[in-house]
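Here is a short briefing on how the parts of one structure meet. Please look at the sequence and the 3D view before reading the points that follow.

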Amino acid sequence: MSELWRPAAEWELQTMVSKLAREKRGIEIVGHGALRNTGRVAKSDVVLTTAGLKGVTLYEPTELVMSARAGTPLYEIEAVLAARGQMLAFEPVDLGPATGAPGGALSIGGVFATNFSGSRRILAGSARDNLLGVRAVNGRGELFKSGGRVMKNVTGIDLARGLTGSWGTLAIMTEVTFKVAPLPQTMQTLAFAGLPDDLAIEAMNVAMATPLEISGAVHLPRNCAARMRTPKIKGLDKSLTLLRLETFAAAIDERREKLKAALKVYGAPIELDSEETFSLWSEFRALSVMPFSAETSLWRISSLPTKAAEIVFAIQKFMDAVAFYDWAGGLIWLEVPAAADAGAADVRRAVAVRGGHATLIRAEPQVRSSVDVFEPLKPEIERLTRGIKSAFDPNGLLNRGRMYANF
Amino acid sequence: MPHIELPEPDAGVIRRLPILIEGLKSRVGHNLMILDEDGRRAYETDAFTAYRRIPMLVVLPRTTEEVSKILKYAHENDIKVVPRGAGTSLCGGSLPTEDAIVLCLSKMNRVIEVDYTNRIARVEAGITNLQITAEVAKNGFFYAPDPSSQLACSLGGNIAMNSGGAHCLKYGVTTHNVLGVKMVLIDGTIVEIGGPTLERNGYDLLSLVIGSEGQLGVVTEATVKLVPSPEGARPMMIGFRSPEAAGSCVAAIIAAGIIPVAIEYMDHAAIEVCEAFAGAGYPLDVEALLIVEVEGSEGEIGILLGRIAEIAARFDPKTVKISSDPNQSARIWAGRKAAFGAIGRISDYLCMDGTIPLAQLPHALTRISQICAEHDLKVANIFHAGDGNLHPLVLYDANSPGEADRAEAAGEAILRLCVELGGCLTGEHGVGIEKRELMTTQFSPTDLMVQMRVKTVFDPTWRLNPAKVFPLEATGVMRAGNAASTSEAA
């Protein structure tokens, strides 16, 4: 067990990192531990937690902006927002439960460091899209800021968004500023039962091409649909294609009828009201259809909607995989039987020829250490990636090996 | 005389020009090159016209491979390169230097592929912003960012500046609407950054590229998101007796959970000029005018505009006028979008582009009036109220000695004010040469050093779009070709 360092303030974190940088000691960065079972295992001498950096530091509901220290738990932020009828529009996913880590432990820093966005991303953009500014400490122990608290800001190179998805390998975010959005006044879901994957993806993309502002488009093949718990749609023993609408109350019925008309050829959908819709989509926020199990590994695949079903079928030729599609087919969650390489060779081959990339989310630590967790980079991109890593963290101290084996 | 310093051209490079031209001809052919002075003069400035420098050579490549050959040649011969699209930058982002090659992408303006099912288009970077929408509108889609110069400005320029527009409150700016780029690095290497999928692999290099003002590479192609066109859209105009009332009304609309697609603010001076120019039907007896636009079906638009009118009523408006038909809507927007041109007809002006937190609007406007009065100048204010992006137009007479200097000084004071109020120097126009020296008001030396190191990763010898974005003094060593100073400095 490495030593645990727990700064209580930004200046203290910077002091600690400066000291560790001078001593060239490797640092693993954690929040409250929600992501410890995800990604590669960092090589480090000390563990530094941002858990002590807590609290909302700015909230202007009428300007749709909030700032919070990086270690603030996501649920605290969402509670503060909900009290004013607002939310994080990108519906962040808490991977904790699906990876055997504690649920509700995800920090706001972790949300932006991983950039894992939920179903509403197709309407509201990703975590990265909603980020406005950061304060962070790099591997040299330098405190820097980028972006700010205003929506439009093109002053200088956009390091704030550049840090998203870097898993703490470039800098430790100490404070983040992000866009918030009003909670939808009302929501409804249309659930089409029994569509095969390719037809379901076609239907979802027909819906996405309408101006009806679809805020969720998920398809669950039959075996995965069987894991849903929302009463009206559970136990149907059929695939489920779910489309969420949200707007103000006086407009939603009109939109629902228009959507039904646009999708008439795909059958008559089951209709879920606002409350049912809320409970249904919260299943995806906790990824409860891909529950933790030592028997299986979990992949997250970014694809073109038109290629998604093909990718899943291609993988299923080689293994017993259970998948579901989010973002109208732009994202695949795929569960495969546990294996020495978590099926990496077959998964990556299936993805490579069809475009996209795959990230191994859940597997035994030794598997995550031996196979590429993130899609391997093309040589010229790897050169830039290493350059960026070395610009921020020349001695390779921050989360070393967390994303890629060699840096 | 304008006072922004431009580095002395490298006489050695200019002396070598005949040899360089021969070398480049053998690689890309002479028909892509503009050599004569009159031809080159067309590239001496952009929309920041106070500064002009005739480049020693202009090249108009037609393909990514040609861009690669040109950059590789320039790199091997240690020549500076200034990338250029349509030359509409308001901050000198594509201002050449006399010892640089201008690499103009205007011939690369094709739509390569439109994929309606996945709602993406792949286009060349020289295409104009509006041309993308023109291509896909027939199928019910559009490309969302809509800078006022969208008829002329190129997508490559939009990517360089991370351009916004009036409708970004709902649809975001360029960085939210571009999924991937093909880019050529200074050494000629062609890289694909991002891709057609929503999510990117590895570090988000695309975020670093978008808004980097041509500092990292030359973007030659991009994959952009296509957005379904709304069923309809309609603006309304609300005129107020004070900026405070207008600002409070914007806050109340958002607090009510309504996110209009655009909220534009004009002050009295701007209203008068735009109305005289466009005949948009703007009320002339108000101190502040909001143009609020909502989208949706006819029924939805009616309900939303009704609710906004109810909210506005709490702030004692002088005028509330909902557009009655598409012609009127078009006129309302034509007036707003023509604002810069309209003001340009009556006066020279400097267009500032700071962003402020909305709550600071009344205070900011009072201070801006004071600042301009102190410099004996007039000002008209246009404001993207939904996102805090403020465009004070500082009016001056270029023929009157000293006025241009006073205008620059007033502009600088306004931008300092924006930063002081919690905002930033530029919301959508970019830093260029114009705001380069002000970067230190918003950023610490460390903040800037961290950004400059990113530049060094992509362009180790600092030959791309030189002497822009970062304060001149801070970049002297790197521009002299000693990039080690960014990687070592702590």
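Between the two chains, 64 residues of chain A are in contact with 72 residues of chain B, where contact means that the C-beta atoms of two residues, placed from the backbone, lie within 7 Å. This is a predicted model, in which local features need pLDDT of at least 70 and side-chain atom pairs count only at pLDDT 80 or more, while totals for chains, interfaces and linings use all residues. Residues are numbered from 1 along each chain as its sequence is written, and chains are lettered from A and ligands numbered from 1 in the order in which they are written.

**Chain A facing chain B**

- Among the elements that give two or more residues to this side of chain A are helix H5 (127-130), strand S8 (143-147) and helix H14 (379-392); helices (H or I, at least four residues) and strands (E, at least two) are DSSP runs, numbered from the N terminus.
- H14(A) gives the most to the side that touches chain B, with seven residues.
- By class, this side of chain A has 25 nonpolar, 25 polar and 14 charged residues, where Ala, Val, Leu, Ile, Met, Phe, Trp, Tyr, Cys and Pro count as nonpolar, Asp, Glu, Lys and Arg as charged, and the others, Gly among them, as polar.

**Domains within chain A**

- Chain A is divided into domain 1 (49-182), domain 2 (186-275) and domain 3 (296-370), with bounds that come from an automatic or database domain assignment.
- The centres of domain 2 and domain 3 of chain A, taken over C-alpha atoms, are separated by 24 Å.
- In chain A, 13 residues of domain 2 are in contact with twelve residues of domain 3, and H7(A) provides the largest share of the domain 2 side, six residues.
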